[in-house]
Amino acid sequence: MRKKTYQLPLCCCRCNVGIPIADCIQIRLVIYNPKCIYYKYFWAVCLAIVLPEKGRMGNVVRRRTRGALRCSSFEVCGNMAGLELLSDQGYRLDGRKATELRKVQARMGVFAQADGSAYLEQGNTKALAVVYGPHEMRGSRSRTRHDRAVINCQYSMATFSTAERKRRPHGDRKSTEMSLHLKQTFEAAVMTQLYPRSQIDIYVKILQSDGGNYSVCVNAATLAVIDAGIPMRDYVCACTVGFVDETPLADLCYAEESGGVSSLALALLPRGGQIALLQMDARLHQDHLEALIEAAMTACKGVSKVLDEVVRQHLEEVSVLSGE
Amino acid sequence: MIKTERILHLKSCRGRKVRVVREHYLRERVPCYSSLCQGDCENDGKVLPGDLTHYVVPDVGVVVDYLEILEFRELQGIVFTQTACQAVQHSKGRRQHNRLRTLLNDPRHDCVLFANEFQEYSYCPREKGESQDKWQTRCVYSAAVWYHNHLAGMMDIVMITEDQDAIAEYSSLNSGVYVISIQDFLQEFWPRLQAAHELYSSISQALQEKESEGSQKEFAEHLAAEVLEAGIKSGRYIKGTLNISKHRPQNEASIMTDGLSNKDADMSRGVLVLGIKNRNRAVHGDVVVVELLPKSEWKGKVTALAGGQVDEKSGEENESKPMPTGRVVGIQQRNWRDYVVTFPPRDGTQSQSRNSQRILAVPWDRRIPKIRISTQQADALQDHRVVVRIDSWESTSLYPNGHSVRVLGRAGELETEVQTILIENCIHVPPFSDAQLREMPVNSPENPWRMDPAQVAERRDLRESHLVFSIDPRGCEDVDDTLSVRSLAGGELLELGVHIADVTHFVKEGSLTNLEARTRATTYYLADRRYDMLPAVLSGDLCSLLGGVDRYAMSVIWELDANTLNVKSMWYGRTVIRSSYQLHYELAQALLNGEQAEVPELAKLGPEEKDAKLAQLTQALEMLTHIARQLRAQRDRGGALELEGVEVRAQLDEERNITALVPRQPLEVHETVAECMIYANHWVARKIQETFPHQALLRRHPPPRQDFFRELVDSATAAGFTIDTGTNKALAESLDRAVDPQDPLVNRVLRMMATTAMSQALYFCTGLESQDQYYHYGLALDRYTHFTSPIRRYADIVVHRLLTAAIDVDRGVDPCKALVGYKELEETAYHINSRNVAAQHAQKLSTVLFQCLYFKERDPQTDPRCVADAVIYSIRDNGMLVFVPEYGVKGPVYVKDREGLVVAVGQDGSCEWQSGSVRQYPDHITTTSACGTATFRLFDHITVRISVHSSSCHPDSLKLEVISNKRHCSGEPQQPRSQGRSQLVQEVVRLAEEAYQQAQVVAARRPKLSREEREFSQSKTPNLYSLLEEVRELALMDLEMAAQM
């Protein structure tokens, strides 16, 4: 993530009416005055915010990677689509309760050619992760670290992964950023000091996207790293949580993510309870942050149990195959 | 849980169709909310009783179209399906959906929501090629079958649907699950619920009508929601609430934009919408989106007086300077409520519609367009007032379509008119239900209520140590505040205590009583009756701090420095008190003045003891007065406003009601009590705001907008005074200076005009406003809340809970979930604010109603009471606005009528209509006619004749007519004005006593009403007079409470 401000002629793609720059606040990756009742914590992707009316509605003008600017709006705690994300009975859109995770299914060792591989489904989000290494540095040798291994991550999305065909599977700003996040996550978990002057490649591909892409990638990559036999401090488990009607919702699906929920992604090393990565790009009252992180950690621990089971089952299968 | 997938076809934001796959999780355990449940479901919250004959499962179509029928409380055991709820949300929008949700959350209604789509066995996936309606019906049916099986066949399930195919298909499929139509259902199970039958036929007729609409466009289509949204964002369109002018409902309407959009000065005055076409089917109160017209088409508001008569020929009237003018392009939110309409008498005009069953009913509120209703009872309902709801307004129709809900009664009858006022203000006050009354503690002679020893141990006991007394209006039943004062430490310290009835001890959060109190939000005072917020056993007995009995209280006790009155220490907490004296204002004042007065509590004591006690009480009162004076002086230095004496100052936030100008003897003790209450409110506000900076309920009074003062400043300049409206302090001082020694009324009128310029004080939740917004302009306090009247205001109950929680926090106890979130608190504040406005409005309307009834009985030509003195306070194009101090009436007086005749003044000052012309100047208006020129100046006294302008469909209004430009000489002895103040007060007091005795005799409210009605229909003058007097007297009583602002 680069700290950079953009100055563009802002213009809504729907009505083509220009928005004067004076009405916009430039956004960088900055935490505005933490004493303010709302955390104003935005990404670099967010370009500008139109001055909120009455301080409660903010309009985020978001730039797409290509094409015109798009205008979208969100309410601080509500949702824009008018969908009831959490019913009075406590059901979510897809019938889950607030703390329930989506169904997780996984397989390890799906490819023989790679050193490690895994396939993971979390609800309708499906990801494939492949690990090569540790091997000696390829490409520019200058990146070599004499005390530890370098982790190289690449995140991509299949062109068929979304409802509308995606034109550019990787290399856009979003994917680059995601790759960076994955790299940071795994540098915190893999015991890189055991392999000095070498490189570990992690490739993750989203086959079908339905929300929580980052966390599914982390979970799949964890299995792949374990499959490759690379020592890690612990499983890295990730989960997104959102905040609706004073309740944290675990493991958001796409409909919820796009419904204007303030969501938080958290990658956890569950045994020690260390946080490998925490990322949030929405406004949230600071009083609620604690509860949200707490919910995210519980959800991550749930994921870790599932992953552990998958690993054990895989080991059993493998040992049966090898005749032990 | 089982995971399935659900395929939806949605439209993307660009209008393309997208296939979306969503997960759908099913589970075996979905709570059924029935007390017959065999599978121990987790049924928390509302549970359907098991002793019914059947449960009702309404089909989607029924829920969407006939929800109103299902809202009858008589219908029990209704199971709404999730499918139906979602359908309501999709097809009817958020408003209808919220209505359904409130219904489901309301414990008084016997209905539950079953999440059928998440239940493994009741969910049925949509099949290929199946239409949405079929699928939804199948879902509902399968839910009904599931219920039957889940309850092991112990309960019959009735599914009601309007779909005849479904009845044919499903009715014989399963025994125990019956599928019938609504009509059959109502006839079979509720043959006696006449109202439901009528509602059903009226809705179904309205639905049929809708199908057979014509196709000729009368209005432009509204734009799509996305376009509006985008347009508002970009500043091309303006969003706001449509406010139709009361005086020119046919033509003039304006949009009040909220918030920051008034960047340029033009917009700050709102946007004008002229004409029905430009209004484009928006109804008063709707949130609309307007597009500005080009500047060349901008127009101004018509400044001439139009009065209530609707049929004016517009065109040549003068206009104010052009304002932004626009047209409505879309409606974001309909704010339709129940409207009261009158069915017009049958004559030739109605039969022009091709279907004779369709009637154009005229709403009571002039701002609402006529509503087309199809009914078969048109003849029976002639001249009746009927509650209707608007269903739709298509672009092909000139009038909205609606259906009738309930008949109120014949127009013109007192009961009908009062009900009309209630409904027009959305005030719903059913009698307290049995379930609510069952929650109440019992206090009867056989079974007297006693205090709980555990509670007494927990509370601070002030029964022996403190001399507690209350000062209220005479005959007050609900005493919610008492006072105590004593000197401590040898006179170094003064201890002032304010003890408020501990309502929250009886009204627990989550109880039905609390729910009802929240819905009502306040006690409604009408001219002849009141609707209590709490059941009588609480408001008149157990909560009321009556004299000589032990009561729970919530106390605020200050220790003040005797000289400087600085606060040395504070104590808040729950206490037990026994009020020693229940004084009334006149008595307290008499004691203070050292007059001989009989204190009823001391009547039985011996003379020495009596003197000693009396001296003690008098000393306490004196101390209290001393403190209050000092506090008042402190606040005055800060810039507190005094607008028209105690009464009107109080009114500025409670009400802006003209009845307050009825003369009333201002006693110092009124102010003393009010001051103590303000002080208590202020300190409680400080306490809760400091403990809960984000979720305290406070009350703020925003500074008024400067342009509202223009009329005041203009009038004052004409009278030769300068008014500085810069700050509240400057305003208060300049108002104090603006006194005409010749005419005390001038100052009163100026203060009255300042009052109308004030903005409304509001409850709000801290944390949602920045701290500089907390200021209370009228009282000049940085923080203020309402704490002292929990018996008749819900806000005080909330504040009591907050204070209790704050005390708990101080003691280190975790405040048990008494704290509501800021979001909920904000909702509550909003609700209370809107109810308060409704209550004031209703009170005002009912006063006008009684005034009209008073004058209706009199012949304006002969009766001397119809002639009164009036003061001109504003000049318009064709007349002036006057104030009649005797009756507290404000209204327009014309000097030029529709035919162009003007008022000519004869030699002796008497006026007659002649042809001539009118000229308007800033401070006077002149008429020129054959008789010469007559001038009416601001603050001139004139004589007016009061008569009633009555219309069958709309509320009556008073009409003022100038008959002389001289001051009215009040010679006749029967004039209340000439009675003198003390006489009038005596009269009021006498009537208050009578009313009190009446209330004693007739305990229940209903019989009392009917009795009044009987008196009313006798139409004897003294009775009517006493009715009007009661209006005044009630207004006085309420003022006192209002005085606590």
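B:Tyr147 counts as buried because its relative accessibility is 1%, where buried means under 20% relative accessible area, exposed over 50% and partly exposed in between (1.4 Å probe, protein chains only). B:Tyr55, at 0% relative accessibility, likewise counts as buried. The model is predicted: local features need pLDDT of at least 70 and side-chain atom pairs count only at pLDDT 80 or more, while totals for chains, interfaces and linings use all residues. Residues are numbered from 1 along each chain as its sequence is written, chains are lettered from A and ligands numbered from 1 in the order in which they are written, and side-chain values use heavy atoms, with hydrogens and water left out.

**Aromatic pairs**

A pair of aromatic rings is described by the distance of the centres and the angle of the planes. Rings of Phe, Tyr and Trp (its six-membered ring) pair if their centres lie within 6.5 Å; planes under 30 degrees apart count as stacked, over 60 as edge-to-face and the rest as tilted. Over all chains, the structure holds 15 aromatic pairs. One of them joins B:Tyr55 and B:Tyr147, and it is edge-to-face because the ring centres are 6.4 Å apart and the planes stand at 85°. B:Tyr55 belongs to strand 3 (residues 54–58) of chain B and B:Tyr147 to helix 3 (residues 132–150) of chain B, so the pair ties together parts that are 92 residues apart in sequence. Helices (H or I, at least four residues) and strands (E, at least two) are DSSP runs, numbered from the N terminus. Ring pairs also link B:Tyr55 and B:Tyr147 with B:Phe114 and B:Trp146 into a cluster.

A further edge-to-face pair is formed by B:Tyr679 and B:Trp683. These two residues lie in helix 18 (residues 668–691) of chain B, four residues apart, about one turn of the helix. Both B:Tyr679 and B:Trp683 are buried.

| Aromatic pair | Centre to centre | Angle between planes |
|---|---|---|
| B:Tyr55 and B:Tyr147 | 6.4 Å | 85° |
| B:Tyr679 and B:Trp683 | 6.2 Å | 75° |

**Charges over rings**

A charge sits over a ring if NZ of Lys or CZ of Arg is within 6 Å of the ring centre and within 35 degrees of the ring normal. The charged end of B:Arg459 is placed over the ring of B:Tyr552, 4.2 Å from its centre. That of B:Arg460 sits over the ring of B:Trp571, 4.4 Å from its centre.

**The barrel of chain B**

Five strands of chain B form a closed barrel in the order 8-9-10-12-11, with mixed pairing; two strands pair if DSSP finds at least two bridges between them. Strand 8 (residues 237–244) and strand 11 (residues 287–292) of chain B pair in the antiparallel sense over five bridges. Within this pairing, B:Gly240 has B:Val288 as its bridge partner, and B:Lys239 stands opposite B:Val289. Strand 11 of chain B also pairs with strand 12 (residues 325–333) of chain B, in the antiparallel sense over six bridges. There, B:Gln333 of strand 12 is the bridge partner of B:Val287. Strand 11 of chain B is mostly covered, with five of its six residues buried.

**Chain A**

Chain A has four helices and 15 strands. Of its 324 residues, 49% are buried.
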